[in-house]
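Take a walk through this protein chain, from its overall layout to single residues. Keep the sequence and the model side by side.

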Amino acid sequence: MRSPDAPLHLVFMGVSGSGKSTVARAVQERLGWEFAEGDDFHPPENVKKMSEGTPLTDADRWGWLESLAEWTAERDARGEPTLIACSALRKAYREVLRRGGEGTFFVHCTGDKHMLLGRMNARDHFMPPSLLESQLDTLEPLQPDEHGMDVDPALPVERLAAMVLARLGLP
């Protein structure tokens, strides 16, 4: 059970193109909390694989997830809240991220496949649109026993940020 004075750690999750980084940054603008872009924590080998259109395996992801959990745990130990944008596609991956702090809350940015593909095609990113299908196949939605919420990234970003803050009782 989370103690009331434990810092919050918000993980904005979802497949590529779901808007998780955009929504996380909108929340960051309101709260001023430290933000980590999960993509920046990938080792060069992972980025290379994805750039070449090769889906990551669980083995590829464990070290990456551990580094994000460690980043969160360092801040948790100092009593500092955090924001992370990270795909967190499987429940097992989210369990690793939860080790960063007991106050971890997931915001799952869901979305229509066609919208996601459109967003992926419109940006410059190492993750090619061809990998969306493998991410959708891997995705395990939040379960009822997981602390979190789903949001629809088709809504305006400011509205999504307001919804997250309202759900958590934050200003």
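What pattern does the protein chain follow when read along the sequence? The answer is β-α-β-α-α-β-α-β-α-α-β-α. This is a predicted model. Its secondary structure comes to seven helices and five strands. The chain has 171 residues, and buried residues make up 46% of them.

Start with a pair of helices. Helix H1 covers residues 20-31, and helix H7 covers residues 157-168. The two pack at an angle of about 65°. Their axes lie 9 Å apart. The crossing of H1 and H7 is right-handed. On the H1 side, the contact is made by Thr22, Val23, Ala26, Val27, Arg30 and Leu31. H7 brings Val157, Glu158, Leu160, Ala161, Ala162, Val164 and Leu165. What is the make-up of this contact in nonpolar, polar and charged residues? Ten are nonpolar, one is polar and two are charged.

How many cavities of 30 Å³ or more does a search of the whole structure find? There is one. The largest cavity holds about 30 Å³ of space. His9, Val11, Thr72, Thr82, Ile84, Leu97 and Thr104 line it. Two elements give two or more residues each to this lining: strand E1 (9-13) and strand E3 (82-85). By type, the lining residues of the largest cavity divide into three nonpolar and four polar, with no charged residue.

Next comes the loop between E3 and helix H4 (91-98), where Ser87 sits. Is Ser87 buried or exposed? Ser87 has a relative accessible area of 9%, under the 20% cut-off, so Ser87 counts as buried. Not counting residues up to four places away in sequence, Ser87 touches Met13, Gly14, Lys20, Trp64 and Gln135. Ala88 is also placed in the loop between E3 and H4. Its relative accessible area is 0%, so Ala88 is buried. The backbone of Ala88 deserves a look. Phi of Ala88 is near 45°, a positive value in a residue other than glycine.

Thr110 is in the loop between strand E4 (104-109) and helix H5 (113-121). Thr110 is partly exposed, with a relative accessible area of 29%. How far apart in space are Thr110 and Gly19, C-alpha to C-alpha? The distance is 8.8 Å, although the two are 91 residues apart in sequence. Beyond its neighbours within four places in sequence, Thr110 is in contact with Ser18, Asp150, Val151, Asp152 and Pro153.

His147 is found in the loop between helix H6 (132-138) and strand E5 (148-151). At 42% relative accessibility, His147 counts as partly exposed. Between the C-alpha atoms of His147 and Gly103 there are 8.9 Å, and along the chain the two are 44 residues apart. Which residues does His147 contact, leaving aside its neighbours within four places in sequence? They are Thr104, Phe105 and Phe106. Thr104 takes us back to the largest cavity, for Thr104 is one of its lining residues.

Key. Residues are numbered from 1 along each chain as its sequence is written. This is a predicted model: local features need pLDDT of at least 70, side-chain atom pairs count only at pLDDT 80 or more; totals for chains, interfaces and linings use all residues. Side-chain values use heavy atoms; hydrogens and water are left out. On a 1 Å grid over the protein atoms alone, a cavity is a set of points where a 1.4 Å probe fits but cannot get out, and a pocket is an open set with protein on both sides within 12 Å along at least five of seven lines; lining residues have an atom within 4 Å of a point. Grid points are joined across faces, edges and corners, and a volume is the space filled by probe spheres set on the points. Helices (H or I, at least four residues) and strands (E, at least two) are DSSP runs, numbered from the N terminus. Ala, Val, Leu, Ile, Met, Phe, Trp, Tyr, Cys and Pro count as nonpolar, Asp, Glu, Lys and Arg as charged, and the others, Gly among them, as polar. Axes are lines fitted to C-alpha atoms, for helices over the stretch in contact, and angles run from 0 to 180 degrees between N-to-C directions. A crossing is left-handed if the near helix is turned anticlockwise from the far one by less than a right angle, and right-handed if clockwise. Contact means heavy atoms within 4.5 Å. Buried means under 20% relative accessible area, exposed over 50%, partly exposed in between (1.4 Å probe, protein chains only).
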